[in-house]
Amino acid sequence: MKNIAVYPGSFDPVTNGHLDIIKRASRVFEKVYVAILVNSAKSPMFTEEERADMIRRSVAAMGLKNVEVHIFSGLLVDFISQKGANVIVKGLRAVSDFEYEFQMALMNHKLLREVETMFMMTSNKYSYLSSSIVKEVAKYGGNLSGLVPDDLIDEITKRAMQKK
Ligand code: PNS
């Protein structure tokens, strides 16, 4: 049986923490679909196309051949069924992530029995990193080096400062 993973999220914008999970997942699974989905609790800074483009460029720069990036506006489980995937990959940073992730994993399993959620512990060096904290630093012109890929720094900073 082929194990095909979906790594879902808002990715607004993608961080080096997300890319670390994508790289590690690409070594474990035959195929990894990165799915940009709607989180109704958030209002994004970048359009879905902009977010997809940033991830596609970063994935190509890392040479990850078994990773595809998609935009989907429905339920995560419907995207999973459409792609014939069987695993949801999520990164887990700290205990604070756990409750929300636990609830989503159980709900997704209730909606689609065949799917399992697997958590990857975020690398230590990215354990404090989130898209929100990147936007906060960028808004005030802080240094994003090491937090996001170098070639995304200017566009993230520019947009964050415009939205201030
Ligand atoms: O990066 P985020 O914002 O924490 O990702 C959350 C996301 C987008 C994965 C989640 O909100 C989601 O799955 N949205 C799609 C709609 C859906 O399936 N909701 C039910 C999940 S239990």
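View 1. Ser-58 touches Val-14, Leu-19, Pro-149 and Leu-152, leaving aside residues up to four places away in sequence, where contact means heavy atoms within 4.5 Å. This is a predicted model, in which local features need pLDDT of at least 70 and side-chain atom pairs count only at pLDDT 80 or more, whereas totals for chains, interfaces and linings use all residues. Residues are numbered from 1 along each chain as its sequence is written, and side-chain values use heavy atoms, with hydrogens and water left out. Ser-58 has its place in helix H2 and is buried, with a relative accessible area of 6%; buried means under 20% relative accessible area, exposed over 50% and partly exposed in between, for a 1.4 Å probe and protein chains only. Helices (H or I, at least four residues) and strands (E, at least two) are DSSP runs, numbered from the N terminus.

**View 2. The open sheet.** In the sheet, 5 strands are arranged in the order S3-S2-S1-S4-S5 with parallel pairing, two strands being paired if DSSP finds at least two bridges between them. Strand S3 (67-71) and strand S5 (116-121) are the edge strands, each pairing on one side only. The twist from one strand to the next averages 30°, with axes as lines fitted to C-alpha atoms, for helices over the stretch in contact, and angles running from 0 to 180 degrees between N-to-C directions.

**View 3. Strand S4 and its neighbours.** Strand S4 (residues 87-92) runs parallel to S5 and is joined to it by 6 bridges; Ile-88 has Thr-117 in S5 as its bridge partner, while Lys-90 stands opposite Phe-119 in S5. S1 and S4, which also run parallel, are joined by 2 bridges, and Ala-5 has Val-87 in S4 as its bridge partner. Because 6 of the 6 residues of S4 are buried, this strand is largely enclosed by the rest of the structure. Val-87, Val-89 and Gly-91 are buried on one side, and Ile-88, Lys-90 and Leu-92 on the other.

**View 4. The buried face of helix H3.** In helix H3 (residues 76-83), Leu-76, Val-77, Phe-79 and Ile-80 are buried. Seen down the axis of H3, its buried residues fall within an arc of 160°, so they line one face of the helix; the arc is that of the directions from the helix axis to the C-beta atoms. The cover over the buried residues of H3 includes S1, S2, S3, S4 and helix H4 (95-111). Gly-84, which follows H3, has a positive phi, near 65°.
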